[in-house]
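Hi everyone, thanks for coming.

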Amino acid sequence: MGGIGLLPLWQQQVIRKLLPSTRWQNLQGGPFTNAARAKTGHARSDCYVSWTRNCSTEASREHFVSETVLRLIGDEHVAVNGVPWLTRGETKALPIAGLVAAHILCKRHNEAMSCLDSIAGQLFAAVKSIYEDLGDFKSLSRKQQWLLFSGEELELWMLKTAFGLFHSGNVAKDRKRLRDTQEINPVLMQAFEGASIPSPCGMYVLADNRPEKVDQNQMDLASLSSDNSERMIGLRLRFWGVSLLILLDPMSTYNNAFLSEQAYRPDYLVFRNRSRSHTIVLTWPKKTVTLGVLFPIRPARGGK
Ligand SMILES: [Zn+2]
């Protein structure tokens, strides 16, 4: 585990100076705020947020993991694993254009949630550039970077990705689509309309133990099922050395030992090599504990 703990005071002071000058989009009312102004009264049966009765009549096709994120991994192809058509542990390069699911969101809801895709794209682009920069061990630079993101928006994107993967039949256990064998508790989808996500549900961040081994052109997806395998209760996504976990079922009991190894809604992600560090700051509403996760970046064995 390591690295989870309070950040030194000087870093907290830097954050305070940084905050007023940076853009922070507060998603009051959730991403459907605009869509909610004039409700359509329509519920498309193939839209997984049709309970809002605010669908358009048109269907949409969308990438079940945001295209902006997929494009960071590869220009034309990305390597994925954890999907039902691959055997356990198998990884395959797939064309981005083919990673599309129809009939999970109507056009209106798809467009209302697209702001989350661009936020996630920006975060993963930042992670990628930080790993590339700090992985350049010949650089003599000591310059630090501070980057600010809304933790709430990322959490909503993880939620969107989890529901999208489930409803499109793209998460599996033992090669069986969860959509066919399990349920998913829909209650957390109310967060898209501004409801708060109760602990222990929400987003966790974990540093990969062996980041130097990470395949840069790969995104790992793994679903979490309840003990009796009746419900999908979470999703883990790994990109470079960063693992994001979303827990999405308030009715489930989550293992405390498991939870204590993950940082719940961390404020700082600190990436550090031997000479310098870059920090991603995540903003959250009403927090009492300050948490940071440390991502050590070391030269690969044999040195670069
Ligand atoms: Zn809809």
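Let's start where two helices touch: Leu116, Ile119, Ala120 and Leu123 in H5 meet Glu153, Leu154, Leu156, Trp157 and Lys160 in H6. "In contact" here says that the C-beta atoms of two residues, placed from the backbone, lie within 7 Å. Sorted by type, the residues of this contact are seven nonpolar, no polar and two charged. For that sorting, Ala, Val, Leu, Ile, Met, Phe, Trp, Tyr, Cys and Pro are nonpolar, Asp, Glu, Lys and Arg are charged, and the others, Gly among them, are polar.

Before I go on, this is a predicted model: local features need pLDDT of at least 70 and side-chain atom pairs count only at pLDDT 80 or more, while totals for chains, interfaces and linings use all residues. Residue numbers start from 1 along each chain as its sequence is written. And pLDDT is the predictor's confidence in each residue, from 0 to 100.

Back to the helices. How do H5 and H6 pack, at what angle? Helix H5 covers residues 114–134, and its angle with H6 is about 110°, with the axes 9 Å apart. The axes are lines fitted to C-alpha atoms, for helices over the stretch in contact, and angles run from 0 to 180 degrees between N-to-C directions. So H5 and H6 are roughly perpendicular to each other, a label that goes with 65 to 115 degrees; under 35 is roughly parallel, over 145 roughly antiparallel, and the rest oblique.

H6, residues 151–167, also lies across E5 and E15, running at about 60° to E5. Helices (H or I, at least four residues) and strands (E, at least two) are DSSP runs, numbered from the N terminus.

Those strands belong to an open sheet of four, in the order E5-E15-E14-E16, with mixed pairing. At the edges are strand E5 (145–150) and strand E16 (292–296), each pairing on one side only. From one strand to the next, the twist averages 15°. Two strands pair if DSSP finds at least two bridges between them; E5 and strand E15 (residues 277–283) run parallel and are joined by six. Gln145, for instance, stands opposite His278 in E15.

Now a loop residue. Where is Asn273? It's in the loop between E14 and E15. Beyond its neighbours within four places in sequence, Asn273 is in contact with Leu134, Phe137 and Ile297. Asn273 counts as partly exposed because it has 19 C-beta neighbours inside 10 Å. The cut-offs are 20 or more other C-beta atoms within 10 Å for buried, 12 or fewer for exposed, and partly exposed in between, with C-beta atoms placed from the backbone.

Trp240 isn't a glycine, yet has a positive phi of about 50°; its place is the loop between strand E11 (231–239) and strand E12 (242–247). With 24 C-beta neighbours inside 10 Å, Trp240 counts as buried. The peptide bond from Ser199 to Pro200 is cis, with omega near 5°.

Finally, how confident is the prediction? Mean pLDDT is 79 for the protein, and 80% of its residues reach 70 or more. Confidence is highest in strand E14 (residues 268–272), at 94, and lowest in helix H2 (residues 33–36), at a mean of 52. Over residues 1–6, pLDDT stays under 50, and likewise it stays under 50 over residues 20–28.
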